[in-house]
Amino acid sequence: MAAKDAMQLLSQYALLQGRLVRTFLNLYQPKDRETFRDVPSGTLSMDGTTWTHQRHGAGVTFVDPSDVKVNAHVGMAECPEGVDGGRLFEYLESIGVAVVVYGGQTYDVEKRNMDRMLDEMVQGGLLRAVTTRGRFAHRIFELAQLQGDRDDGDSPPDS
């Protein structure tokens, strides 16, 4: 199986997660923005696709009809595009990607490898580490420059 471009997939994932999280937050407007206890599990629609969502611990797992999985957890309201090795691993596994390439190095899609690759991306300046606030402090990463458009109007204007 051919290796896929890790940066492209990471950007794709972060954008998708951010859009799902913002849709979820706008739809339900939870008062509890850490564990979402006031939001029932259910469905939401985005771009004509119905996603199921299941609240868990400090986050929400979204699954589309083709079993694409986006597990937004700790800090999702604070950093909607935030990623970590576990989130990326689950997403890549759900879309059938087994090997990614970044910086000329190939990585089998396993959680420990995704953690290592994200650390390399931080060292390369593509990601920045963020520690979430609240009672579930967690180290996650944000893309230094998000590829593509975001729905919240926070994207810098094109030059």
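Which residue in β5 is the bridge partner of phenylalanine 62? The partner is valine 70, and this pair belongs to one of the sheets described below. The model is predicted, so that local features need a pLDDT of at least 70 and side-chain atom pairs count only at pLDDT 80 or more, while totals for chains, interfaces and linings use all residues. Residues are numbered from 1 along each chain as its sequence is written, and side-chain values use heavy atoms, with hydrogens and water left out.

**Confidence**

- The pLDDT, which is the predictor's confidence in each residue on a scale from 0 to 100, averages 89 over the chain, and 90% of the residues score at least 70.
- Over residues 147–159 the pLDDT is below 50, and beyond near neighbours in sequence this stretch has 12 contacts in the model, a contact meaning heavy atoms within 4.5 Å.
- Where pLDDT is low, the predicted coordinates should not be read in detail.

**The sheet β2-β3-β4-β5**

- Strands (E, at least two residues) and helices (H or I, at least four) are DSSP runs numbered from the N terminus, and two strands pair if DSSP finds at least two bridges between them.
- Four strands form an open sheet in the order β2-β3-β4-β5 with antiparallel pairing; its edge strands, each pairing on one side only, are β2 (42–46) and β5 (69–72).
- From one strand to the next, the twist of this sheet averages 25 degrees.
- β2 and β3 pair in the antiparallel sense over 5 bridges, and methionine 46 has threonine 49 in β3 as its bridge partner.
- The hairpin of β2 and β3 has 2 residues between the strands, and aspartate 47 there takes a positive phi near 55 degrees.
- β3 and β4 also pair in the antiparallel sense, over 5 bridges, with glutamine 54 having threonine 61 in β4 as its bridge partner.
- In the hairpin of β3 and β4, which likewise has 2 residues between the strands, glycine 57 takes a positive phi near 40 degrees.
- Strand β4 (residues 59–63) pairs with β5 in the antiparallel sense over 4 bridges.

**Helix α1 and its packing**

- Helix α1 (residues 6–28) has 23 residues and should span 33 Å at 1.5 Å a residue, which agrees with the 32 Å between its end C-alpha atoms; the expected span is 1.5 Å times one less than the number of residues.
- Glutamine 29, which follows α1, has a positive phi near 45 degrees.
- The axes of α1 and helix α3 (residues 111–123) come within 12 Å and cross at roughly 95 degrees, which makes α1 roughly perpendicular to α3.
- Axes are lines fitted to C-alpha atoms, for helices over the stretch in contact, with angles from 0 to 180 degrees between N-to-C directions; angles under 35 degrees count as roughly parallel, over 145 as roughly antiparallel, 65 to 115 as roughly perpendicular and the rest as oblique.
- Ala6, Met7 and Leu10 in α1 meet Met117, Leu118 and Met121 in α3.

**The sheet β1-β6-β7**

- Three strands form an open sheet in the order β1-β6-β7 with mixed pairing, and its edge strands, each pairing on one side only, are β1 (4–5) and β7 (105–108).
- Strand β6 (residues 99–102) pairs with β7 in the antiparallel sense over 4 bridges, and valine 100 stands opposite tyrosine 107 in β7.
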